Amino acid sequence: MIDMVYAIFDPDNLFLKYAFIMGALASISFGIIGTFVTIKKIGYLAGAISHCVFGGIGLALFLQVNAGLTWFDPMLGAVLAAIVAAVTVGLVSLHAKEREDTIIGTLWAVGMASGILLIDRTPGYFNLSSYLFGDILLISSKDLLYVACLDALVLSVSILFFNRFFGVCFDNEFTSLRGINTSFFYLLLLILTALTVVLMVRIVGIVLVIALLTIPSAIASFYAKRLWQMMLYSCLFCTLFTWTGLCLSYSWSLSSGPTIIVLSGAVYLVLLIIHKFLRS
Amino acid sequence: MQNDHQIILNNISFAYKQRNVLENVDLVIKKGEFASIVGPNGGGKTTLLKLILGLIKPDRGVIRVFGKSPDKVRQQMGYMPQYAHLDMDFPATVMDVVLMGRLAKSNLWFSKKDKVEVLTAIDEVGMTAFVNTEFNELSGGQKQRILIARALCSSPDILLLDEPTANVDHETEENLFSILQKLNAKMTILLVSHDLGFVSKYVKSVICVNRQVVIHPTTLINGAMIKDIYHGDLKMVRHDHRCSEEGHTHD
């Protein structure tokens with residue numbers, strides 16, 4: 001434990017310090033957005049969005065190398081792809097009643113596949129697994145700034161429109177009868193989800209990000225009586241899991257993303273069994 | 001249009017997946033009406049309610065509520081959906097749920113006045129003791145009452161309820177109806193009921209929906225046999241006679 005503290009503050013391990021700060025900062029957005037995703041049951045949509053992000057990363061790398069657009073970095077591509085995917089996925093789920101899951105599933109796979117094809121056509125070597133499963137070595141101080149900005153955005157939008165989001169998640173139909181534009185707030189929620197997913201890709205990667213979005217909130221729902229409580233608990237659980245996961249991955253030389261996910265998944269499973277057992 | 005005709009459906013047709021749910025429906029609901037919509041499953045009961053609320057648009061025909069298009073006057077209508085479609089794990093207190101009835105375009109947060117209105121509405125359905133209880137810990141009948149309170153706290157002129165007595169026992173049903181009967185003094189009430197041929201004693205009319213729509217005033221029957229079956233005083237709908245000044249025949 002003491003070794004771990006020393007390791008974090010060791011100037012040679014700047015990346016580790018960044019990873020811890022990133023974990024805590026990202027947990028704020030993750031707790032809030034993850035709660036919405038969990039109660040609105042749109043984890044599947046969030047999954048599709050996160051995989052489409054890979055298409056954006058591929059496009060950015062492709063344009064950087066082949067078209068000389070050096071300013072088009074993968075982060076920008078990821079953000080753009082995430083927003084386009086969020087709006088598309090949102091419109092599909094609002095309007096395509098019967099074929100919704102088929103269309104979302106297609107977007108999910110095609111987004112991912114087109115990213116890989118674009119990278120195939122880009123000269124040079126790219127470490128794909130760092131995007132897929134996360135790599136804390138890649139975290140820079142610029143990333144920390146991005147995440148802090150995202151936190152500010154997510155917090156202010158969520159506080160401002162808390163009652164509307166509550167309505168849209170709990171009873172969309174009734175909320176629309178009260179004169180609220182529910183489609184707009186639904187799409188806004190998906191866009192915030194998309195941005196959150198992009199920024200967390202650094203730590204846990206595209207494939208695993210959905211688990212970290214939903215598991216802390218699922219655990220929080222065991223203890224929360226009100227929506228804001230669920231958000232607060234999710235933030236705390238998310239921080240706890242990322243920090244503990246980072247410690248374990250550092251001490252045992254494991255990949256950080258998968259360690260965090262396996263840890264939180266295991267805790268969730270145990271708590272789920274305890275709660276089901278206690279209730280019955 | 002007469003002033004007391006609050007809801008007017010004129011030659012309405014609505015199809016879902018190429019199947020006609022409602023066909024050439026004409027219906028007038030007057031101010032102060034207390035009517036139950038009955039009919040077989042898939043007969044168009046909920047569709048009728050959603051058309052009146054403006055949640056769906058008819059394929060043909062015109063709907064007027066207070067003489068206007070339904071989506072213009074939504075604020076004057078209170079709606080209680082079936083609670084079964086709500087998420088049973090949603091973290092919310094009774095207060096949180098009823099406050100939804102005070103959602104409005106004009107304000108982002110709830111005011112003191114909103115909270116007062118909510119407490120009055122909760123009191124009206126006799127649930128004051130449960131204000132801070134988790135919504136999901138309530139029984140089915142209590143949830144229905146809370147959703148009625150949510151519909152009430154915007155002081156609507158028309159109250160629309162979708163199966164308010166689904167999954168509740170007879171005693172709870174009586175209780176709900178006596179609350180509704182009191183409210184009927186202030187507002188028009190339309191409710192969907194799943195029971196065909198059996199309508200509680202409180203209702204003034206019955207709207208039969210099965211692609212076509214027919215409205216009947218209820219007629220009292222004191223049959224001891226029916227009393228035995230349903231353990232209460234009931235009104236029966238008679239489909240075999242011409243009735244009242246609005247009279248019609250089935251043919």
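Helices are taken here as DSSP runs of at least four residues, numbered from the N terminus. In this predicted model, Thr242(A) has its place in helix α11 of chain A, which covers residues 227-251. Thr242(A) counts as buried because its relative accessibility is 0%, and the cut-off for a buried residue is under 20%. A polar atom of the Thr242(A) side chain lies 2.9 Å from the backbone oxygen of Cys238(A). When residues up to four places away in sequence are not counted, Thr242(A) touches Gly23(A), Ser27(A), Met200(A), Leu212(A) and Ile260(A).

Helix α3(A) is mostly covered, with 17 of its 24 residues buried, and is followed by Gly68(A), whose phi is positive, near 70 degrees.

In chain B, three strands form an open sheet in the order β2-β1-β4, with antiparallel pairing. Strands β2 (19-30) and β4 (60-65) of chain B stand at the edges and have a single partner strand each, so one side of each is left without a neighbour in the sheet. On average, neighbouring strands of this sheet are turned by 15 degrees against each other, direction ignored. Strand β1(B), residues 5-16, is joined to β2(B) by eight bridges, and the two run antiparallel; Ala15(B) has Asn20(B) in β2(B) as its bridge partner. Helix α1 of chain B, residues 45-53, lies across β1, β2 and β4 of chain B and runs at about 120 degrees to β1(B).

Terms used: Residues are numbered from 1 along each chain as its sequence is written. Chains are lettered from A and ligands numbered from 1 in the order in which they are written. This is a predicted model: local features need pLDDT of at least 70, side-chain atom pairs count only at pLDDT 80 or more; totals for chains, interfaces and linings use all residues. Side-chain values use heavy atoms; hydrogens and water are left out. Buried means under 20% relative accessible area, exposed over 50%, partly exposed in between (1.4 Å probe, protein chains only). A polar contact is a pair of N or O atoms within 3.5 Å; within protein, one must be able to donate a hydrogen and the other to accept it, and residues adjacent in sequence count only if both atoms are side-chain atoms. Contact means heavy atoms within 4.5 Å. Two strands pair if DSSP finds at least two bridges between them. Axes are lines fitted to C-alpha atoms, for helices over the stretch in contact, and angles run from 0 to 180 degrees between N-to-C directions.
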